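Here is a note to read beside the structure, point by point. Please keep the view open while you go through it.

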Amino acid sequence: MPCPTPRYLVPFHPKQVPHFFTDVLIIGSGLSGFRAALAVDPSLSVVVATKDGLEESSSAYAQGGIAAVLSPDDRFEDHIADTLAAGGSLCDVEVVERVIRAAPKHIRELIDWGAEFDHAGDQLALGREGAHGRNRIAHALGDATGKEIMRAVSRQIEMAAHVDIWPNTFTVDLLATDGVCRGALVWNQQHGKTLVWAKQTILATGGAGQLYRETTNPEVATGDGMAMAYRAGAELRDLEFMQFHPTVLYIAGSSRHLISEAVRGEGAWLVDRTGYRFMTDYDPRGELAPRDVVSLAIVAQMEKTKHPNVYLDLSHLDGEKVRERFPGIAGVCGEFNLDIARDQIPVRPGAHYMMGGVTVDVQGRTTLDGLWAAGETTSSGLHGANRLASNSLLEALVYGACTGRSAARAAAEMNDSFTAPAIENPNLGLVGEPLKMADIRNSLASLMWRNVGVRRNAEGLNEAIENINRWCRYVLGRQFADPIGWELQNMLCVASLMIEAALARQETRGVQVRIDFPETDDQRWNRHLTFFRNRE
Ligand SMILES: Cc1cc2nc3c(=O)[nH]c(=O)nc-3n(C[C@H](O)[C@H](O)[C@H](O)COP(=O)(O)OP(=O)(O)OC[C@H]3O[C@@H](n4cnc5c(N)ncnc54)[C@H](O)[C@@H]3O)c2cc1C
């Protein structure tokens, strides 16, 4: 049983809190949130509330690129087949077809908006990543694709007079009455709490990598959207499927920078502490095997060599070209006195992409009326049990646009009403002794890394759930006054659901590797695992 979680994290009463009315409320300013905002008809009002500065999102940090059929040598059928081969039978074929066929149009639109993708001559330079059968990854600024895409999209947002951006505004909870989402309760340092009433609400809050000690995700990726959707009664699914990126920079004192898969695509080798190139011992595709295979091989080789990491080696490639193709990675490594063209780069796996999340249909509609969702916070059916590299920016883009359009259509059919529904949350449990939040957060991240990581078993998962349940008992019932506490509550809620799902799925499928159930069991487990909290 997941931890019992209160419906709302903070007390509020409509007579004591300012109100704001909008047609569409979008929570999150990554690619999916901004693309959704741009798809809303300009006759409607949009608020985008985002908890940090506008530059803080996974979208802005994306490196390798965005996948699409962009060359005459490639075919939609091949991109679809590669996506289905990676994600398996938990992919929704209709969703995969729709997203992949829509991809080129959306990328051309980004180019029209000024996104400058890298070129080889007068053609787009298309890279190759693990488990893609063709070169189909469009990239920009070498290895800073997300930064360039977000620059172009943000410029469009600045010109969109109907879109109001609220930075540094934390969404605490979704407001819902009679099974319909009515907006959200937000908080910022200046104004405190505000009730934002929206005809339609879109969650675009990204992933949950911060649940793990080793992660590529920025600080904002704490699973807030999943937790608030769960509290409001929306369905979540596939939470056991966290994808680990195999090559995350592992240097004491540095943040965990991702070393893009494109580096291996360009020919980098993975070697162990003795310099041995080990990947073909585990998979004939070598360094270009799917991410989960590479992550597992690295963990096994780390154990074999009793070493905390392995190394990426590019020294056999043209140094000049390597530095030019990966300027961002070269810069980060340079800060630690490593020359990526000559030195071995220490790496190990880290939590990277959450396949599971809020269940959405092909339009981005959740199971809660009035609530839509797009991007990494969702489970759309595109990725199944294992995301194909560079399909996630694509999902954020295509679903962002589609969700924005659909939510706007629904909002346009509703009359204006400037009356606040009678929702209140009178009071909440304990205030009590201050807790050492960083301590609990670090313990949670270490526990998740140790017991709910690349390889799992019942013993480790049970130990994890026992610990988390204990923390939940004194953290979830507390009343916190700022985002540090609310994030911790959200992380505990999502962690508990993830572990329940990982424990329940007694098989190995995609990125969920159960060493005590090493086979895929289609008879029992060829299905989604769903969670929802009974609505009040
Ligand atoms: C280092 C890195 C490299 C990557 N490289 C690639 C790549 O090359 N290709 C690819 O396809 N994918 C890549 N990914 C994955 C991809 O970037 C993400 O899946 C995608 O950008 C998610 O977009 P999003 O809009 O759903 O979420 P995000 O871009 O993460 O945006 C989420 C937004 O929600 C806000 N938010 C969260 N909680 C709250 C709250 N409580 N209140 C208000 N706002 C909130 C955040 O502040 C943020 O603005 C990479 C990810 C990382 C971390």
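1. In this predicted model, 40 residues surround the ligand, and the closest are Ser32, Ser59, Gly65, Glu376 and Ser392. By class, this shell holds 13 nonpolar, 22 polar and five charged residues.

2. An oxygen atom of the ligand lies 2.7 Å from a polar side-chain atom of Glu376, while a nitrogen atom of the ligand is 3.0 Å from a polar backbone atom of Lys51 and a nitrogen atom of the ligand is 2.9 Å from a backbone N or O atom of Thr171. The ligand taken alone exposes 1000 Å², of which the protein buries 98%.

3. Among the elements that give two or more residues to the shell around the ligand are α1 (31–39), β9 (170–177) and α12 (391–412), and α12 gives the most, with four residues.

4. Ile202, which lies in strand β11 (residues 192–203), counts as buried at 0% relative accessibility. Although Ile202 and Ala373 are 171 residues apart in sequence, their C-alpha atoms are 5.1 Å apart in space; beyond its neighbours within four places in sequence, Ile202 is in contact with residues including Val24, Trp372, Ala373 and Ala407.

5. How many disulfides does the count give? The count comes to zero. For Cys91, the closest cysteine sulfur, in Cys402, is 18 Å away, and therefore too far for a bond. Cys181 is likewise in no disulfide, with the nearest cysteine sulfur, that of Cys493, 16 Å away. Cys91 is buried at 8% relative accessibility, and Cys181 is buried with a relative accessible area of 1%.

Key. Residues numbered from 1 in each chain as written. Predicted model: local features only at pLDDT ≥ 70, side-chain atom pairs only at ≥ 80, totals over all residues. Heavy atoms only, no water. Disulfide = S-S within 2.5 Å. Buried < 20%, exposed > 50% of the residue type's maximum accessible area, 1.4 Å probe, protein only. Contact = heavy atoms within 4.5 Å. Near = heavy atom within 4 Å. Polar contact = N/O pair within 3.5 Å; in protein donor to acceptor, adjacent residues only side chain to side chain. Areas by Shrake-Rupley, 256 points an atom, 1.4 Å probe, with all protein chains shown as cover. Nonpolar A, V, L, I, M, F, W, Y, C, P; charged D, E, K, R; others polar.
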